[in-house]
Amino acid sequence: MGADSLGAVSAQQFMVVSAALFCLGVYGVITRRNAVAILMSIELMLNAANINHVAFSRFMDPRLLSGQAFTIFVLTVAAAEAAVGLAIVICIYRNIQNINVDDINLLKW
Amino acid sequence: MPSTAPSVSLILLIMLTITPAFMVVTSRNIVHAAVYLGLTFVGVAGLYFLLNAPFLGAAQVLIYVGAITVLIMFALMMTAQRLIREPRNALPNRVLAAVTALVLFGILGVWVPSQPVMAAGEAAPVGPNEYLDKLAEALLGKYLLPFEIASVLLLAALVGAIVLAKEEKAS
């Protein structure tokens, strides 16, 4: 093995970390009420997916780096999502002075 | 594989990733949650470095820690102070959400990694000298079309965010 710093590291350990991060994100998306906090939880979940991409790229496909290329695309889409999502939140706040998702019920009858 | 015990650096990075992530979803103060989110991103960047992906680690620090956290802070500062302290969700909802998350963790974090298919072969990783070459080849060769689409997506998101957040004065 080339990298000695990776001595006893396996893909499974990173999968467990990624799963923990993803589940924390799921918990946050369900329980949070502030729209910005929900966006933060979504970022956690995207990061969990990225860790898995990079770990699989490192342990299963270390020559072609396809997983790392995909991570860069996820990073790009996440940046776009954050920008548009936060713009929507600010737009909602300007209209109803509130960003608690329980109170945003304009389209309910 | 010499042993299955994780190395010290991995344990430290996992702590640096998971602990702030827990605070992100439980802290009642949204600004504190945003700061903890930045810490989580730093931990994930460390994991990338540990996984032989230094370019991604640097990109993670630049984009997530540097840009997205600051963007979230901006959004928080542009909304009202009274919304900074978030009201807690009802207890049954939180218990249900915790059960859902734990079951999901049982599937994703315990059952899936224990599957034999995951014990894949070990090939030598690319060295630091050819790492960037390989990544550039992947991005600009095999994945050229998604790369260009991503640039168009960024432009669309830029324009869309400006249009959405712009103050309307005409009326």
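# Helix pairs in chains A and B

In helix H2(B), the residues B:Ile30, B:Val31, B:Ala34, B:Leu37, B:Gly38, B:Phe41, B:Val42, B:Val44, B:Ala45, B:Tyr48 and B:Phe49 meet a set in H3(B), made up of B:Pro54, B:Leu56, B:Gly57, B:Gln60, B:Val61, B:Tyr64, B:Val65, B:Thr69, B:Ile72, B:Met73 and B:Leu76. By class, this contact of H2(B) with H3(B) has 18 nonpolar residues, 4 polar ones and no charged ones. The model is predicted, with an ipTM of 0.87 and a pTM of 0.87.

**Chain B: helix geometry and confidence**

- Helix H2 of chain B covers residues 30–50 and helix H3 of chain B covers residues 54–78; their axes come within 8 Å and cross at roughly 175°.
- The crossing angle is over 145°, so H2(B) counts as roughly antiparallel to H3(B).
- Chain B has a mean pLDDT of 86, and 90% of its residues reach 70 or more.
- Within chain B, confidence is highest in H2(B), at a mean of 93, and lowest in helix H5 (residues 128–142), at 86.

**Chain A: overall form**

- Chain A has 3 helices and 0 strands, and from the N terminus its elements run α-α-α.
- The C-alpha trace of chain A spans about 60 × 25 × 25 Å along its principal axes.
- The radius of gyration of chain A is 18 Å, whereas a compact globule of 109 residues would have one near 13 Å.
- Of the 109 residues in chain A, 53% are buried.
- Counting contacts in chain A between residues at least 6 apart in sequence, 50% join residues at least 24 apart.

**Chain A: the H2–H3 pair**

- The axes of helix H2 (residues 35–59) and helix H3 (residues 66–96) of chain A come within 9 Å and cross at roughly 175°.
- H2(A) and H3(A) are therefore roughly antiparallel to each other.
- By class, the contact of H2(A) with H3(A) has 13 nonpolar, 8 polar and 1 charged residues.
- On the H2(A) side, the contact residues include A:Leu39, A:Glu43, A:Leu46 and A:Phe56.
- On the H3(A) side, they include A:Gly67, A:Phe70, A:Val74 and A:Leu86.

**A closer look at A:Phe56**

- A:Phe56 lies in helix H2 of chain A.
- A:Phe56 counts as buried because it has 20 C-beta neighbours inside 10 Å.
- Leaving aside neighbours within four places in sequence, A:Phe56 is in contact with A:Ala11, A:Asp61 and A:Gly67.
- A:Phe56 and A:Gln68 are 12 residues apart along the chain, and their C-alpha atoms are separated by 9.2 Å.

Note on methods
Residues numbered from 1 in each chain as written. Chains lettered and ligands numbered in written order. Predicted model: local features only at pLDDT ≥ 70, side-chain atom pairs only at ≥ 80, totals over all residues. Axes fitted to C-alpha atoms, helices over the stretch in contact; angles between N-to-C directions. Helix = DSSP H or I, 4+ residues; strand = E, 2+ residues; numbered from the N terminus. Parallel < 35°, antiparallel > 145°, perpendicular 65-115°, else oblique. Contact = placed C-beta atoms within 7 Å. Nonpolar A, V, L, I, M, F, W, Y, C, P; charged D, E, K, R; others polar. pLDDT = per-residue confidence, 0-100. Buried ≥ 20, exposed ≤ 12 C-beta atoms within 10 Å, placed from the backbone. Rg over C-alpha atoms; globule rule 2.2 N^0.38 Å.
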